[in-house]
Amino acid sequence: MSSTTASAAALPADPKAPAADTVKKPVNPRSAKRRKSLAQWGFIAPAVIFMALFFGYPLVRNIVMSFQDYSPSTFFTGEAPFNGTDNWSNVFNDGLFGKALWQTILFTVGSLVGQFCIGLALAVFFTRRFPLNGILRSLILLPWLVPMVVSGIVWRRIFDQDTGVLNSFLGTIGLPGDTPWLTSTSMALISVILVNIWIGIPFNMVILYGGLQEVPKELNEAAALDGASAWRTFRSVTLPMLKPVITVVLVLGFMSTVKILDLVLALTDGGPADSTQTLGTLTYQNSFVQMDFGAGAVVGNILILISAVFAVFYLRVNRNEGK
Amino acid sequence: MTEPSPDGRIRRRSRRTRRIVVPLTVVSAIVAGTVLSGCGQQRDEDVYTVMNSSTDESYHRWDGDTLKRCSKQLGITIEQQSVPASQLMTKALRMASSKSLPDVLQLDASEMPTFAEAGGLIPLKDLGLTTTDIPEGIVDFGSFDGKYYGAARTVNTLALFYNKDTLDKAGLEVPTTWAEMQSTAKKLTQGKRYGLALSAGGAEDGVFQFTPFMWSNGGDESKLDTPEVAEALDYWKALLKDGSLSKSTVNWTQADVNDQFMAGNAAMMINGPWQVETLNAKKGLNWGIAEIPVPEAGDDSVGPLGGGVLTVPNTGDTEREKTAAKIIGCMSGEQEEISYAINSWMVPANTKAADIWRKKTPELAALADQVATARSRTAKVGAQWSSVSLALQSAFQSALTGASSEAALKRAQQQVTSGN
């Protein structure tokens, strides 16, 4: 701001400069600043338009849809009469909703705890130097590369009670080889969680491994000099340093786990006897099997709401970290 | 809020920034426009489209050949568009809202009522198609609310497949009643081999497989909590308890059942003719086919009718709709039906074509008999079938995993009635 006068004075003194002039044409700094900010908005605009079109619109549409009688005929007539909270009360009165909600919670918590603990253990393990470290680390990434549906189909075979590899393996090492992995109502959800843990380990490991690289070695050495045990060092030095990374891993993991659909469909189709139905499969069933798009939208909205709560939580934590 | 200031500076600024902002906005608009315009395709005057779920290479090729012949016969160009079966319905609905429906739409017969109820289909008789030589059951199969919307080329149903060698070695006859099937299956259950395999999975596959047991016993999909349905379910439970069925049955699709049968893990299976191509590809597998056993000797074996029907979507263009009906007429003509039936191992819908087909493929005669008494899933409950199906799959799965059949079916009926 202090140099304004000088350059502003130079402005009128500058007649049409020849093209060859290498001296930069001075500009009015105030308008330059405004131009800059407008240019910034210009660069943001595509993102804003994109977000509004592909996130904002569907989101609002979905909320509106949950208050409408949206049936297949709507696609022809364009008419979707509003029916108040009918869709909501239908969904809440359906016994399956409570069951699916509870199973979604179990699935999410179970998956996150499993993925995180194993992922962290592996990440710590790989911070040591030993032969084949790199190769082993990349091998562990494999589940990440396999499409979810393929994992589902392969694991369904592995879990087969009679002809599955897992049970025959357990049988040969002397354990009971007739575990009803996917065929008992009490076991199926656990099996689906196990597969999801297997799928989620690489993501957790990679991110946490990256985080561990950032922890200065000197701190560990200092702790060791102070006489702290390895476990104490890990708990009091490494973990607090990892906290921002842990938040990222858990929140992102939560968001991808809570909406689980494809894995469940490929493994059990929500069965046996609805014992693996989650909110994700319920949305799918309402919308694309029963063609009751209003009810599907209700469950979808509930899922979005749950995710939004965690997204806000994540943003808050991140903001505090920045301070 | 406030009126824009007439101050020249502001206008000048906006002129300058327009140089940057405008192109960027245009770019975003173009990007968005390109993406969105994908939804609304313009119909080509001379090109007619048939949308089906023939995504398998062989089916796609067979349909392509049929359409080539029909194009020639009708003097038009017909194109094929194949979408995975599970996405066909939603894709068609989306096309309806963007007014870009194909001229002919092949729907699964169980999904047709939903589309018809929405006002999406034109009755075929209005467009000049007749139902001469089509058995009543198959006309019902393509009808909703008394109107004939869908022409079937071929139909399929379920039958009992058995391993001839295994049965011969054990000196057993092919079972014809429930009691016989239970004892035969028990005798054939040895080591890793189960006597029987069927699908009781939590999807339409399982429900499809349950219907012949429910219907042959006099049960009905419009009332699930009857003793007849419970008896059918108890029969499944008994087979499971005997060990004749694998416990994994509740997790198997029909394709899994076929895999188990081919691997020698099951001596008999309930399955459909679409597996024949795979079964024939396996050398050394000597299989036979029979009607699904009935509760008591002399009962009718009532199986479910399956397969696709050709429909004309309501596009509002009467001329094109008439031509679409002609395309369907060609595709479901006697000759086309026979060649499609022989390719796909299904039974022609037309009686005359079915007679010729029967002579050409005597080994599948049992299937033709089964089709003669087979029933459509949606004839009674129409578009409500999807709710009935969901309730029923949940019911037989809970019964097979421990609950009592009566309680499970009672809850299923409540579920259907309350509309949840």
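**Aromatic contacts and helices in a predicted model**

One aromatic cluster is made up of W178(B), F210(B), F213(B), Y235(B), W236(B) and F396(B). The structure is a predicted model, in which local features need pLDDT of at least 70 and side-chain atom pairs count only at pLDDT 80 or more, while totals for chains, interfaces and linings use all residues. Residues are numbered from 1 along each chain as its sequence is written, chains are lettered from A and ligands numbered from 1 in the order in which they are written, and side-chain values use heavy atoms, with hydrogens and water left out.

Rings of Phe, Tyr and Trp (its six-membered ring) pair if their centres lie within 6.5 Å; planes under 30 degrees apart are stacked, over 60 edge-to-face, and the rest tilted. Over all chains, the whole structure holds 31 aromatic pairs. One of them joins F288(A) and F293(A) edge-to-face, at 6.2 Å centre to centre and 75° between the planes. F293(A) is buried, with a relative accessible area of 8%, whereas F288(A) is partly exposed at 41%; buried means under 20% relative accessible area, exposed over 50%, and partly exposed in between (1.4 Å probe, protein chains only). W178(B) and Y235(B) are stacked, 4.5 Å centre to centre with 10° between the planes. This pair links distant parts of the chain, from helix 7 (residues 178–188) to helix 9 (residues 227–242) of chain B, 57 residues apart. Helices are DSSP runs (H or I, at least four residues), as are strands (E, at least two), numbered from the N terminus. W178(B) is buried at 8% relative accessibility, and Y235(B) at 6%.

Two arginines of chain B also meet rings. The charged end of R153(B) sits over the ring of Y340(B), 4.0 Å from its centre, and R320(B) lies over the face of Y48(B), 4.4 Å from the ring centre. The criterion is NZ of Lys or CZ of Arg within 6 Å of the ring centre and within 35 degrees of the ring normal.

F115(B) belongs to helix 4 (residues 112–117) of chain B and is buried, with a relative accessible area of 0%. Beyond its neighbours within four places in sequence, F115(B) has contacts (heavy atoms within 4.5 Å) that include F76(A), M89(B) and L121(B).

In chain A, helix 2 (residues 29–65) bends by about 35° at I44(A), and P46(A), a proline, follows within four residues. The bend is the angle between axes fitted to the seven residues ending at a residue and the seven starting there. The buried residues of helix 2 of chain A are S31(A), A39(A), G42(A), A45(A) and M65(A).
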